[in-house]
Amino acid sequence: MKVNVLKSIENIAQMYEDGVFGSKELPEDINPHLAQDSYFTLPTALNYQRNSYSLWVSAKKTYLDESTNFLFNPKKVAESDFGTVQAALTKYRLALQENKQTAIWCQICQTLNDNFADSVLILCHENHDDVVQIRKYLQIDNKAGFPYLSGKKLCNYWLFILDHYTSLQLKNVSKISIAADRHVIKASKKLGLITAEEENSSKKQDLVIAAWFDLLKDTKYRPVDFQTPIWFWGRSGCPAIIEK
């Protein structure tokens with residue numbers, strides 16, 4: 001079975017490269033193309049229960065507006081009152097839940113301001129640029145300082161984004177789990193990595209993460225290698241796999 005599933009995901013990856021799923025642009029590709037800018041990754045914390053593309057469109061508009069781009073400077077956010085931050089976050093609908101998501105943004109920026117000289121890069125450097133240590137810090141050592149960004153899905157996806165869009169040279173990238181959102185969960189079920197019962201379990205994210213690590217163990221692949229094609233395949237409704 002493992003060999004067959006590996007062949008299937010290799011074919012899905014090729015389908016993605018061939019443009020079978022339409023646009024190859026990821027939601028976070030919608031950015032102002034800043035050179036190695038780590039702060040534009042922070043919208044990841046608000047990427048739940050909403051359209052990812054709309055989120056990043058809103059984030060880009062917010063950054064390009066001089067009246068709201070202070071949001072991407074943790075020090076400036078920490079020095080601003082709640083109402084000012086809320087108005088900026090909601091101007092282009094970067095925040096949809098105006099109180100809750102403003103509180104999330106403020107807390108993360110306050111943590112970066114207080115502990116890491118306003119720098120995501122320093123946060124990573126102080127954890128030796130090691131995926132395992134960064135994740136432990138976010139999820140265990142200072143979970144309260146990173147609301148939502150410390151969650152299973154968003155934490156690993158943030159690590160994926162930091163690896164792909166910043167100057168960071170992260171260690172142990174193979175330890176970044178696949179970000180088990182609804183599209184990846186659906187795709188994992190279709191591939192037979194989890195059962196229908198597991199797909200509806202409260203532990204479905206853990207089960208999907210474990211299944212992908214188990215599948216790729218002792219292979220040349222890492223879960224991050226398939227994050228993008230599997231997400232697109234699941235988002236497209238898991239169409240028939242084209243064998244190469």
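Predicted model: local features only at pLDDT ≥ 70, side-chain atom pairs only at ≥ 80, totals over all residues.
Over the ring of which residue does the charged end of Lys 24 sit?

**Figure 1. The charged end of Lys 24 and the ring of Tyr 16.** The charged end of Lys 24 sits over the ring of Tyr 16, 5.6 Å from the centre of that ring. A charge is said to sit over a ring if NZ of Lys or CZ of Arg is within 6 Å of the ring centre and within 35 degrees of the ring normal. Residues are numbered from 1 along each chain as its sequence is written, and side-chain values use heavy atoms, with hydrogens and water left out.

**Figure 2. The ring pair of Phe 72 and Trp 105.** Rings of Phe, Tyr and Trp (its six-membered ring) pair if their centres lie within 6.5 Å; planes under 30 degrees apart count as stacked, over 60 as edge-to-face and the rest as tilted. By this rule there are 14 aromatic pairs. The centres of the Phe 72 and Trp 105 rings are 5.8 Å apart and their planes stand at 90°, so this pair is edge-to-face. Phe 72 lies in the loop between helix H2 (52-64) and helix H3 (74-78), whereas Trp 105 belongs to helix H5 (residues 98-115), 33 residues apart. Helices (H or I, at least four residues) and strands (E, at least two) are DSSP runs, numbered from the N terminus. Both Phe 72 and Trp 105 are buried; buried means under 20% relative accessible area, exposed over 50% and partly exposed in between (1.4 Å probe, protein chains only). Ring pairs also join Phe 40, Trp 56 and Tyr 63 with Phe 72 and Trp 105 in a cluster.

**Figure 3. Helix H8 and the helices it packs against.** Helix H8 (residues 152-165) contains 14 residues. Its buried residues include Tyr 157, Trp 158 and Phe 160. The buried residues of H8 pack against H2, helix H6 (120-126), helix H7 (131-141) and helix H12 (223-235), where contact means heavy atoms within 4.5 Å. Among the elements of the protein chain, H8 has the lowest mean pLDDT (91).

**Figure 4. Asp 118 and Asp 129 in their loops.** Asp 118 lies in the loop between H5 and H6, and its phi is near 65°, a positive value in a residue other than glycine. Asp 129 is found in the loop between H6 and H7, with a positive phi near 55°.

How values were computed. Expected span 1.5 Å × (residues − 1). pLDDT = per-residue confidence, 0-100.
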